[in-house]
Amino acid sequence: MLAIKALNVTKVFRREKNDLIYAVNNVSFEVEEGEIFGILGPNGSGKSTLIRLISTLLIPDSGTIEVFGKDVVKEAHEVRKYIHRVSAEAGLFKKLSAYENLLFSAGIYGLSKKEAYEKINEIASLIGLDKKRLNDPIEQFSRGMQQKVSIARAFLTQPKLLLLDEPTTGLDPRAKLEVHALIRKANKQGSTILLSTHDMNEAYELCDRVMIIFNGRIVVIGDPKELVRNMREKYQDATLETVFLEYTGYDFSEVDVEEVG
Ligand SMILES: Nc1ncnc2c1ncn2[C@@H]1O[C@H](COP(=O)(O)OP(=O)(O)OP(=O)(O)O)[C@@H](O)[C@H]1O
Ligand SMILES: [Mg+2]
């Protein structure tokens, strides 16, 4: 079954009367159930907008998106049961403690208090969240710690589709690896993963396929390892970063490829 089926999706933001931003511009793609699917693209290319459209937070101007066969506009309520989104804006109650935030979410998902405590402690230790700090209010947490809490929240349950918008941006190298392990584990247990990232290494290691978008349009979709292999016909030392730069219009003629690849 398809986890995501997007067909000719366009989202336009109006800046001024005649100044339109095509944040997502006639985009079509499919994600298979069970995939880890990466979305790459320069700042402002439309990744977060696309993720918000899939998660029913925005409504497309044209085109359709289905999540496990349900339309994100007409059956938004159904879609919301399947998904969980993590974004850079952590979306936590700042005056409440990490525990209170996580227990609140666990309650919404129908976990008992005992189950919730066990799960929270398990995930907290998996991602290196200091247990003794879990009773402190979120506003006293560092940015990375807040992010860890919002990541922990996503793994309290087993959503059919996890939408991760730059989940590891700003995390230390160790926390990144811990989050990668959590993503892999959730995927093994059956969650389909949609992941936007600026970390090419992360995309290369984690994703079954990546989609690069540029100015709201898809420029390439493929297995990252295959994309790199193909790019090596042109640039011997190509990495996924080279693929990214090439597809997003970077001018290599000015610099030594060794430096950027
Ligand atoms: N609510 C909004 N109102 C107006 N313009 C918006 C809005 N949200 C996004 N945009 C514009 O849509 C375009 C795509 O933005 P988006 O946040 O999707 O990019 P992104 O690929 O996630 O970038 P980044 O890598 O920086 O997170 C940008 O030009 C942005 O300014
Ligand atoms: Mg974004």
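The largest share of the shell around ligand 1, three residues, is supplied by helix 1, where helices are DSSP runs of H or I with at least four residues and strands are runs of E with at least two, numbered from the N terminus. Helix 1 (47-54) and strand 2 (19-32) each give at least two residues to that shell. Please keep in mind that this is a predicted model, in which local features need pLDDT of at least 70 and side-chain atom pairs count only at pLDDT 80 or more, while totals for chains, interfaces and linings use all residues. Residues are numbered from 1 along each chain as its sequence is written, chains are lettered from A and ligands numbered from 1 in the order in which they are written, and side-chain values use heavy atoms, with hydrogens and water left out.

Around ligand 1 there are 13 residues, of which Gly44, Lys47, Ser48, Thr49 and His198 come nearest; a residue counts as near if one of its heavy atoms lies within 4 Å. By type, the shell divides into four nonpolar, seven polar and two charged residues, with Ala, Val, Leu, Ile, Met, Phe, Trp, Tyr, Cys and Pro taken as nonpolar, Asp, Glu, Lys and Arg as charged, and the others, Gly among them, as polar.

Turning to individual atoms, an oxygen atom of ligand 1 lies 2.6 Å from a side-chain N or O atom of threonine 49, and an oxygen atom of the ligand is 3.0 Å from a side-chain N or O atom of asparagine 43. Taken alone, ligand 1 exposes 630 Å², and the protein buries 63% of that, by the Shrake-Rupley method with a 1.4 Å probe.

Methods. Polar contact = N/O pair within 3.5 Å; in protein donor to acceptor, adjacent residues only side chain to side chain.
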